[in-house]
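This briefing covers a helix, a strand residue and some aromatic rings. The sequence and structure come first, and the notes follow.

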Amino acid sequence: MTPAARTTTAAVSGADALPTGTGYAPCHHGEILQGVFLDGDGDGRRCAGLVTLPMAGPGSSAEFVRLPGAAPQALTVVPADRTKAARAAALAVAECAQRTGQPPCGGELRLTGDIPVGLGMGSSTSDVIATVRAVADSYGLRLTPGTVARIAVRAESACDPLMLDDRPVLFAQREGRVLEVLGPALPPLVVVGCTLGGGAPVDTLSLPVREPGDSDVRAWERMRTRLRRAVATGDVQLLGQVATASARRGQQVLGHPEFDALTVIARRVGAAGVQIAHSGAVAGVLFDPAAPGLRHRVRSCLRALDAHGIPATRTFTTFTTTKELLNGPAHRGVDRPAGPDTSRRPARLPAL
């Protein structure tokens, strides 16, 4: 049984025992592609979009208990600073109460998770989606991904596509909808994860806003076409070229000082390319698992990262495997810091 489907019971003071709704949402490892694209389903207007790199392991779990009779604004959230999740809970209660014909009420929300905050791994979206799923579960409902996305955007202005399955999609993060399904699955990848900028969390609200020109949009559209072809043909090298080009454009805003060294390392060890979180510090060196001498390449990459002072975090795959390659579980022993939705404290990601 999945975490999102588990239901237990909890005693609520002054009321009969009510089911505790539970929900879970994963994280991601930054983006393969992010930019501004033309909305093919509409009038060709510009639309911000991204393609995330899925990553199994860390995630957010939520438990929600309804308090019938309590005012809708009587929501208790633990930890108390998860303001986006609190907004999501209130929105989800209103949605579920309307669907079930019940009056909206307050409740108690508890969040746990191990996603580092501020690195661009979708920690706030994971909190929000887990919360929405837990609220719906407390009503005995299962909301569609589209409804979850709509609530998530209202709760945090933009969200990652963590409510969807693992199919690669170009996702309009500010509108909560899919611009294009790129194919059934990404080409298989081995990813050597690391952090740039010393692993310091990035305050996305403080990043400079640059209005893209027509040439920028044409460049992103070319990347979109090439990524679509990479997915259709299983071409890891082409995917790596797209991810590297997108990451390089992202440095116009992020400006990580280690980025050039990262691309040089990737080239020297025979990697397909690099990817980054366009709103954070996490990055990855992408390898084709079918490449000869893969283990040697990965170990050479880890040694080179260490020599350049770039902390390695985890080596993982994007395909099903019976054991982690080389390094074991994700971010082992890493606790998510308790702090505001965008923490300014460096996340404790161990170099493996």
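Which residues does V274 touch, not counting residues up to four places away in sequence? In this predicted model, V274 touches G240, A243, T244, A247, F259, L262, T263, A266, G284, V285 and L286.

**Surroundings of V274**
- V274 belongs to strand β9, which covers residues 273–276.
- The relative accessible area of V274 is 1%, under the 20% limit, so V274 counts as buried.
- One of the residues touched by V274 is A247; the two are 27 residues apart in sequence, and their C-alpha atoms are 7.3 Å apart in space.

**Helix α3**
- Helix α3 has twelve residues, 145–156.
- The buried residues of α3 are T147, V148, A149, I151, A152, V153, A155 and E156.
- An α-helix has 3.6 residues a turn, so residues three or four places apart point the same way.
- The packing partners of the buried α3 residues are helices α1 (83–100) and α2 (123–138) and strand β6 (169–172).
- S157 follows α3 and has a positive phi, near 75°.

**Aromatic rings and charges**
- The count of aromatic pairs is zero, with ring centres required to lie within 6.5 Å.
- R66 places its charged end over the ring of Y139, at 4.2 Å from the ring centre.
- R249 has its charged end over the ring of W220, 5.4 Å from the centre of that ring.

Definitions and conventions
Residues numbered from 1 in each chain as written. Predicted model: local features only at pLDDT ≥ 70, side-chain atom pairs only at ≥ 80, totals over all residues. Heavy atoms only, no water. Phe/Tyr/Trp six-rings, centres within 6.5 Å; stacked < 30°, edge-to-face > 60°. Lys NZ or Arg CZ within 6 Å of the ring centre and 35° of its normal. Helix = DSSP H or I, 4+ residues; strand = E, 2+ residues; numbered from the N terminus. Expected span 1.5 Å × (residues − 1). Buried < 20%, exposed > 50% of the residue type's maximum accessible area, 1.4 Å probe, protein only. Contact = heavy atoms within 4.5 Å.
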